[in-house]
Amino acid sequence: MHTHTMTKQLWNHNTERLLKSAIDAYFRNWQAHMASKASKVAMSKFEKSSYLPYSLLNEKLDCVRKRLNQPLTLAEKVLYSHLDDPSNQKIERGTSYLLLRPDRVAMQDATAQMALLQFISSGLKKVAVPSTVHCDHLIEAQISGDKDLARAKDQNKEVYDFLASTCAKYGLGFWKPGSGIIHQIILENYAFPGLLMIGTDSHTPNGGGLGGLCIGVGGADAVDVMANMPWELKCPKVIGVNLTGKISGWTSPKDVILKVAEILTVKGGTGAIIEYHGPGVDSISCTGMATICNMGAEIGATTSVFPYNKRMIDYLCATDRGGIAAEAQKFQKSLLSPDKGCKYDQVINIDLDKLEPLVNGPYTPDLAHPISKLGANAKEKGYPMDIKVGLIGSCTNSSYEDMGRCVTIAKDAIEHGLKAKIPFNVTPGSEQVRATIERDGMIKTFNEFGGTVLANACGPCIGQWDRKDVKKGEKNTIVTSYNRNFTGRNDANPATHCFVTSPEMVTALSIVGRLDFNPLKDELTDCNGKKFKLKPPTGDELPAQGFDPGQDTYTAPPANGESVKVAVDPKSERLQILEPFNKWDGKDYIDLTVLIKIKGKCTTDHISAAGPWLKYRGHLDNISNNMFIGAVNAENNEMNKIENQKSKSFDTVPKVARDYKAANIKWVAVGEDNYGEGSSREHAALEPRHLGGVAIIVKSFARIHETNLKKQGLLALTFANPGDFDKIKASSKLSLLNLAQMAPGKPIDCEIKNNGSSDKIQLNHSFNVEQIEWFKAGSALNRMKEVLAKGK
């Protein structure tokens with residue numbers, strides 16, 4: 001071994017040892033400090049008058065323990081300790097609806113617009129719980145970080161001003177554009193063990209890496225919590241994932257969730273919390289655990305969580321939250337770890353020693369290929385073998401550790417005279433990570449490797465990518481460390497084959513630019529013609545010199561924001577004040593028209609596309625022009641082309657829906673399994689409601705979207721017999737009968753008319769008593785206003 005290599009490894013070992021020693025000393029000092037005073041620890045440095053609720057949570061949990069008299073999972077402990085009424089709440093996994101009191105709310109800028117417009121219309125003066133807005137979705141990747149950010153600030157000024165002023169008026173914290181991705185900001189500043197948080201983004205579960213239950217929801221749910229209403233959640237089942245062995249070599253935390261996705265598929269986690277446990281947990285860093293929880297959204301899980309451990313303590317201390325770590329330590333056994341003998345509804349066993357790096361895709365995040373078989377599988381399936389672009393970062397994989405491990409691969413290549421063969425884009429997760437990796441020389445290495453460092457934002461992961469290297473419709477392959485790879489997700493090109501994998505694997509594949517390269521076994525040729533193999537990646541879990549916070553991008557709300565003006569220009573194309581939806585008229589829906597019968601996968605991206613449409617997220621009427629444009633019409637296998645049953649001509653889905661609305665023709669949409677999977681965007685429910693839809697009838701729903709539909713006053717219905725899907729044609733007329741007798745667990749009668757013949761079927765629903773009141777009132781927001789009016 002070369003002397004300089006040995007010296008470097010020894011330095012790294014000593015650095016890590018000294019860092020661990022410093023963190024341990026810091027933590028012990030905090031423990032001693034906390035033991036000598038009353039336990040009153042702020043939830044974050046930005047909200048010093050809002051304290052950790054551990055004592056209250058423990059009291060509620062004790063109440064539930066006495067009632068249930070059984071060992072509890074960690075997920076149950078955190079969830080049940082946040083019950084609004086622990087003494088009387090019915091608790092039955094998979095059946096009962098829980099009324100909960102979350103600790104905080106987080107919203108990203110694209111979904112916050114509609115959520116805050118709804119909150120404004122509620123007439124309330126201030127949010128009731130700590131809440132924040134994060135500007136990360138509206139920054140398009142085009143050139144480079146600084147230039148893209150400057151352009152976004154200019155293009156989105158109206159929206160940013162609206163969000164900033166609304167936050168100031170109603171008491172929310174505001175994270176400016178450039179601050180970073182919502183989930184990384186939450187992990188760095190707000191998440192804590194035992195937290196219950198809701199966020200208006202499907203990847204909110206990222207916070208489970210710090211032992212919290214962080215759950216993605218629609219904006220209407222956020223409004224409920226900000227308005228001091230209990231938040232409703234169907235009591236989830238709990239799936240246990242038992243980890244043994246250790247993460248090492250080329251295997252990364254990302255491979256754990258890629259494996260779980262393969263096992264459970266995109267709908268296998270629906271209605272369940274994924275709880276990781278076992279001896280293998282301690283081999284995963286805190287940010288690695290966050291990666292695993294983040295991508296749990298792709299299997300439909302309510303959320304995911306890890307038990308409180310030393311890796312979380314290290315991260316809390318490194319982010320200047322030693323007080324939280326010390327306080328959490330007191331409740332580690334009672335509240336923040338599963339009880340011995342607790343029961344899971346399903347258990348998955350994964351041996352980390354045997355886990356091979358995976359590459360999942362294309363077009364779905366559960367199609368897994370071990371790296372040793374990727375090349376052969378790609379050849380067999382006819383996937384484009386040449387990789388056009390490699391992209392690392394995003395909310396899933398942009399930690400200091402992720403960046404550091406990728407840098408070791410890049411340096412290895414550079415030392416052999418090689419660099420990325422293809423465009424290589426890097427997205428830092430936060431300003432803190434960006435500033436720290438710049439200080440530590442990592443950005444310099446990425447630049448030497450041929451990379452481009454993008455803005456601290458979502459960027460290509462959510463379709464905010466002004467891609468120029470391929471034409472729309474051109475078959476091509478990209479590899480990313482992102483979490484989602486549905487058709488057209490990243491670049492609006494349905495022919496792009498996107499594979500998701502670890503950032504380390506993306507970096508290695510970018511050196512060769514082909515899917516049939518296996519860095520674990522295959523050799524490369526250096527600039528001198530010599531063969532060599534890439535060394536397995538290594539990297540510090542936390543920065544030896546501590547984190548550099550970078551630029552200050554946070555704005556706290558004033559103590560009293562009543563005088564702050566919030567204005568929405570009636571002529572604006574970006575923002576629109578919401579008008580309440582009409583109440584149900586008490587009558588059955590007779591002879592409803594079928595707007596579209598959708599074939600195959602229908603995610604929220606298919607229902608309400610992102611990318612260029614993000615700019616209209618605050619304007620319901622304008623964004624409704626993207627409704628169902630990505631869905632495949634079962635009648636002709638085409639997208640955005642349906643027959644207008646009134647005029648018998650073909651047109652786009654939004655235009656036909658608008659024509660029906662103008663003629664007062666009520667309509668339904670029909671779909672298949674796991675309808676509405678993916679993003680939490682409630683626009684996919686608001687748009688059908690706005691354009692005259694009254695019901696969505698499918699084989700099965702994804703959790704968040706089903707709730708969003710109910711919240712907006714739509715009937716979310718499922719076929720009692722999935723085969724009845726085939727009985728409905730584009731020209732069918734559907735009647736939903738006996739709606740006045742609608743009750744929990746009671747199917748809805750449906751009559752289908754086809755060319756003079758009729759057929760009666762039954763449709764199931766999961767509405768409870770209160771949700772039926774949402775339907776009758778016209779929306780959950782309407783119902784909330786009714787309740788608040790009665791309380792005055």
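Which strands and helices do the buried residues of H23 pack against?

## Overall architecture

The model is predicted. Its chain contains 24 helices and 34 strands. With a radius of gyration of 26 Å, close to the 28 Å that the globule rule gives for 792 residues, the chain is as compact as a globular protein of that length. The C-alpha trace spans about 85 × 65 × 55 Å along its principal axes.

Among contacts in the chain with a separation of 6 or more, 75% are accounted for by residues 24 or more positions apart.

## Burial, surface and charge

Buried residues make up 62% of the 792 in the chain. The accessible surface is about 29400 Å², and carbon and sulfur atoms contribute 50% of that area.

The chain carries 97 positive and 88 negative charges.

## Helix H23

Helix H23 covers residues 769-777. Its buried residues are Gln771, Ile772, Trp774, Phe775 and Ala777. The packing partners of these buried residues include four strands: S3 (97-100), S9 (231-234), S24 (589-597) and S31 (715-719). They also pack against two helices, H22 (703-711) and H24 (780-791).

Asn768 caps the N-terminal end of H23, with a side-chain oxygen 3.2 Å from the backbone nitrogen of Glu770. After the helix comes Gly778, which has a positive phi near 105 degrees.

## Asp491

Where is Asp491 found? Asp491 is in the loop between strand S19 (476-480) and strand S20 (496-500). Is Asp491 buried or exposed? The relative accessible area of Asp491 is 14%, and the cut-off for a buried residue is under 20%, so Asp491 counts as buried.

The side chain of Asp491 makes a polar contact at 2.6 Å with the side chain of Arg467. A polar contact at 2.6 Å also links the side chain of Asp491 to the side chain of Thr496. When neighbours within four places in sequence are left aside, Asp491 is in contact with Trp465, Arg467 and Thr496.

Technical notes: Residues are numbered from 1 along each chain as its sequence is written. This is a predicted model: local features need pLDDT of at least 70, side-chain atom pairs count only at pLDDT 80 or more; totals for chains, interfaces and linings use all residues. Side-chain values use heavy atoms; hydrogens and water are left out. The radius of gyration is taken over C-alpha atoms; the globule rule is 2.2 Å times the number of residues to the power 0.38. Buried means under 20% relative accessible area, exposed over 50%, partly exposed in between (1.4 Å probe, protein chains only). Contact means heavy atoms within 4.5 Å. Accessible areas come from the Shrake-Rupley method with a 1.4 Å probe; for residues, only the protein chains shown count as cover. Lys and Arg count as positive and Asp and Glu as negative; His and the chain ends are not counted. The place of a charge is taken as NZ of Lys, CZ of Arg, CG of Asp or CD of Glu. A polar contact is a pair of N or O atoms within 3.5 Å; within protein, one must be able to donate a hydrogen and the other to accept it, and residues adjacent in sequence count only if both atoms are side-chain atoms.
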